[in-house]
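Here is a guided walk through the model shown below.

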Amino acid sequence: MINKKRAASGLAAVLAAAGLGLLLGGCGNGSDNGKVQIEMVHYKPEAVKAFEEMEKKFNETHDDIELKISSPKDAMTVLKTRFIKEDAPDIIGIGGDVNFSNFVDSDMLADISDFEGLSSIKQAYLDIDKNLEFIPMDGVYAVPYVANAAGILYNREMFEENNWEIPTTWDEFITLLDTIQASGQQPLYFGFKDTWTCLAPWNAMACDLAPADVCQQVNRGETTFAEEYRELSEKIIQLLPYAQADPYAYSYNDACTAFARGESAMYCIGSYAVPQILSVNPEMDIDSFVFPANDNADEQLLNSGVDLQFSVMKDCENKEAAYEVLNFLLEDETVQIYLNDQNAVPCKEGSFTLPSMLDGMKEYIEAGKMVDYQDHYYPAEMSVDALIQTYLMEGDTDAFLENFDVQWIRYNRDLIRKVQDYEAKHGSN
Amino acid sequence: MKNDRKRTFMMITIPVLVLFFVFNTLPLIKGFMYSFTNFKGYGSYDFVGLRNYIDLFQDARVGKSYLFTFKFALVGTLIVNVLSLIMALALNNKIRFKSALRGIYFIPNILGGLVIGYIFGFIFTYILPAAGKAAGIGFLSNSWLSSTKWAWFAIVVVAAWQSIAMNTIIYISGLQTVPEDVYEAGSIDGATGWTKFKSLTFPLIMPFFSINMVLCMKNFLMAFDQIVALTNGGPAQSTESISYLIYKNGMDGGQFGFQSANAVLFFVVIVLISVFQLTVLGKKEEQL
Amino acid sequence: MKKTSTVEKTNWPITILLIIGCLTVFFPLYMAVIIAFKKPSEMTNDIAGALAFPSSWGFENFREAMEVTDFWNSLGNSLLISISTVLLAIIIHSLAGYAIGRNKAKSKFYNLAYLYIVSGMFVPFAILMMPLVKQTAQMGIGNWVGVIVLYVVFYMPMNLMLYSGYLTNIPVALEEAARVDGASTWRTYWSIIFPNMKPMHATVAVLTALSVWNDVMTPLVIMSGTAKNTLPLAQLNFQTQFGTNYNLAFASYLLALIPILIFYLVCQKQILNGVVNGAVK
């Protein structure tokens, strides 16, 4: 008998963990204080200080709503797991990229076209978001908040010392690269070991060399990448001789450090790299210019996309309160809190102080002459960045473009079918 | 008495099996279901039948990842097992500073991916090429991490550097079951030592050899952290392991359904390999 | 007696080789330590600069790293999870190893049970993740408790292998002696087998603790939405998409390394002081 009891207690020990969990699991959901709770999850943990300030300010000025902002690491994974748990937050702050497209496509976001704050957002950014929808939808699904811009960052001091001019056409750009190289200095530095940095020149040059909606066109079966990306592919590979040897050995961080240490005059990357560069060399005087990828300066466009935008989840129970939060976030003072912290470009109309490293791009931003990043349309699993890296290493343009088309169809099969169904139903215009 | 013994064993085994089923097999079955869908990891999805499995066999990238993973695992397992057995014998010898040395060799196993990535990135990108150039050694003068020919081996080196500690610990604990006079002689004292090791020590630690082979093989086959830290699958997609693809495209990308199919296939393949390994090694164990 | 035997028999060639081998650990570790003391503005790509001492040996990075990671809280959570997992692993896995390992040679059922659990080791975590997230949430253990339960299951295959492997070297005769005295199997286990497996308990403790201590993924997905952080989770703070503060990160990693290193050194003594040597043979 004793043995049985002992053995049974062994069983109990085995199940103890699970049982304990069931008991403890119930608590910890928090208590109600009569206020409407709005939870926001965003994917910019680097801006956690700015968000903490916003949260505090909001809760001080609102008696009826309690705002809780969380800034988790690896936010996309966290968000996906929270969806699985059916514990979605009320508002999400993500980038204007393919994840957004997928969320819209999966019918997870609420239509917020009745939100008045939208009228204060620059049309260019609303258009960018609209283009991200796989299939044209009725309604609006996000409030663009801040954007970033990409092109060329340059070392203003080096340029002034050597009297180099800012190039406005592709020919001028190549001439400048030759001049810098002839002077014994390094014109460009790439961190292509981190494959995503291959997309920086690619996206920036694509603004001038490929239609903004090339991916949608291909999905509708109207064109091929072999056709639209040829000039872009041929030009991007011409940059390699002007960079350090074996750029695939160096990481993004190596490249930021090298540029910060004056090892290269220019760095083809976005405004988002500035904080990392300044951390190495806080004194550095950085400015930027729009990538001149074609020969007509007037036709050039700035590469700019929505870096942070807010969407209300479809399951949000209290849309009024969520709008109240959005209204607060869009107040000029709140926007400025974010800008001061993050060197970003606001999507809202109005006079905000732009960071000085965007001097060279200001004109384009103000005029709304902007195109989104091409890679915001690429599915992550296709790893276009790695395809570009492979191409740069191997140099076979035809093979690369052919492969691009093949891979695109393979990874977007379901989407292409959906788009073509839609076209068949609604007729293309 | 016999019944008591049988009953006790059952009373232990059944709850353990239940626990394991609930938190391992049950989710696996659910994952298996997803492998017949085009689920992205969220939102709505459709059943697509066997499409994912058919695609698996036609996808060049998946094929390449299997080749890479097996080459990587084979070489890695070999290197780690040889080195950790030597390390265990050495550390189990009559040496000075035993605790300190054991502690030091354990450290690589604790360092996180960010540290490994940065430091070995620096060594492979800057220090080794500089040393190679200075010494005129051709294959060292370029970074291994940017070479489609060498990058995989750089990861083997780092992964081995990290995992030797763990396998050494298992060998050391195995050596504790060997009577002292056997392994003392069995190390480095020339031919007699080697013979003794082969005929006395090794048979006694054979179960630990099997365990290490399987664990090590498993760790290398499922390598992920070191790849993310060192190459992130590059250069030119030459170091994408199966786990890397499953994780990156299944979780970060929208291929959850397809990569679930990949995971199921991968699981079946490794189980077959390991059962084979265990059976062969098990027979060896009995023979010795 | 002890004195003479160790002094006389010290194997110096091996000792010296092992000390030289330590360089492979010391060099990377040296880099990690100096980076942990440097300021971001001291980071450089040239070799001499990268290997040079920091301009000062102040502990500001460590202090700041502790602040950013909310060190004591995160440490507490990490300790709670690691220690609970290790204790449960030693109790449950050693029992499983005993029951299954003792019978797998003779009984088909136990052999299948063994293969069933061991093969669970090869299930890629990525495929289990989503279902487990949902399952733990539904069971109400989408928190640290769930993380511990999952760890006990995840490390069962490895530990089962280790325990049953170790048992092959503990003769059944030992138990039989006790059985003759009328002790039940259950009691024999706790009084004879369990203590005899001490070196293996220490090994299991080290290996399990190590994997748990460094794991990011399980707590990240299971505990998301709860306010609790483990150390590795908090350390993700240093990495963002477009920038990494290596100096603070390295300081924090070195801090997180200390507890587990101490734990290892304690367990290492247990592995060596195992009773098997004298008692069994």
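Helix 1 of chain B and helix 6 of chain C are oblique to each other, the class left over once angles under 35 degrees count as roughly parallel, over 145 as roughly antiparallel and 65 to 115 as roughly perpendicular. Before going further, please note that this is a predicted model, in which local features need pLDDT of at least 70 and side-chain atom pairs count only at pLDDT 80 or more, while totals for chains, interfaces and linings use all residues. Residues are numbered from 1 along each chain as its sequence is written, and chains are lettered from A and ligands numbered from 1 in the order in which they are written.

Two packed helices are described by the angle between their axes and the distance between the axes. For helix 1 (residues 2-34) of chain B and helix 6 (residues 71-103) of chain C, the angle is about 120 degrees and the axes are 9 Å apart. Axes here are lines fitted to C-alpha atoms, for helices over the stretch in contact, and angles run from 0 to 180 degrees between N-to-C directions. Helices (H or I, at least four residues) and strands (E, at least two) are DSSP runs, numbered from the N terminus. The crossing of helix 1 of chain B with helix 6 of chain C is left-handed, meaning that the near helix is turned anticlockwise from the far one by less than a right angle (clockwise would be right-handed).

Which residues make this contact? On helix 1 of chain B, look for Phe9(B), Ile12(B), Thr13(B) and Val16(B); on helix 6 of chain C, find Ile92(C), Leu95(C), Ala96(C), Ala99(C), Ile100(C) and Asn103(C). Two residues are in contact if their C-beta atoms, placed from the backbone, lie within 7 Å. By class, the residues of this helix pair are 8 nonpolar, 2 polar and no charged. Ala, Val, Leu, Ile, Met, Phe, Trp, Tyr, Cys and Pro count as nonpolar, Asp, Glu, Lys and Arg as charged, and the others, Gly among them, as polar.

Helix 1 of chain B also packs on helix 9 (residues 144-154) of chain C, where the axes come within 9 Å and cross at roughly 105 degrees. That makes the two helices roughly perpendicular. Leu19(B), Phe20(B), Phe23(B) and Asn24(B) of helix 1 of chain B meet Val149(C), Leu150(C) and Val153(C) of helix 9 of chain C. This contact has 6 nonpolar, 1 polar and no charged residues.

Now zoom out to the whole interface: 77 residues of chain C are in contact with 77 residues of chain B. On the chain C side, helix 16 (residues 246-272) gives the most, with 11 residues. That side of chain C divides into 53 nonpolar, 21 polar and 3 charged residues.

Chain C itself has 17 helices and 2 strands, and its C-alpha atoms fill a box of roughly 75 × 65 × 30 Å along the principal axes. Of its 281 residues, 52% are buried; a residue is buried if 20 or more other C-beta atoms lie within 10 Å of its own, exposed if 12 or fewer, and partly exposed in between, with C-beta atoms placed from the backbone.

Glu240(B) sits in the loop between helix 9 (225-230) and helix 10 (242-252) of chain B. Glu240(B) counts as buried because it has 23 C-beta neighbours inside 10 Å. Beyond neighbours within four places in sequence, Glu240(B) is in contact with Lys64(B), Ser65(B), Phe68(B), Gly233(B) and Leu245(B). Leu89(B), in helix 3 (residues 60-91) of chain B, is buried, with 22 other C-beta atoms within 10 Å. Val157(B) belongs to helix 6 (residues 151-175) of chain B and counts as partly exposed, with 17 C-beta neighbours inside 10 Å.

Finally, turn to chain A. In helix 17 (residues 384-394) of chain A, 10 of the 11 residues are buried, so this helix is largely enclosed by the rest of the structure. Its buried residues pack against helix 8 (199-209), helix 11 (230-236) and helix 18 (397-411) of chain A. Just after helix 17 of chain A, Gly395(A) takes a positive phi of about 75 degrees.
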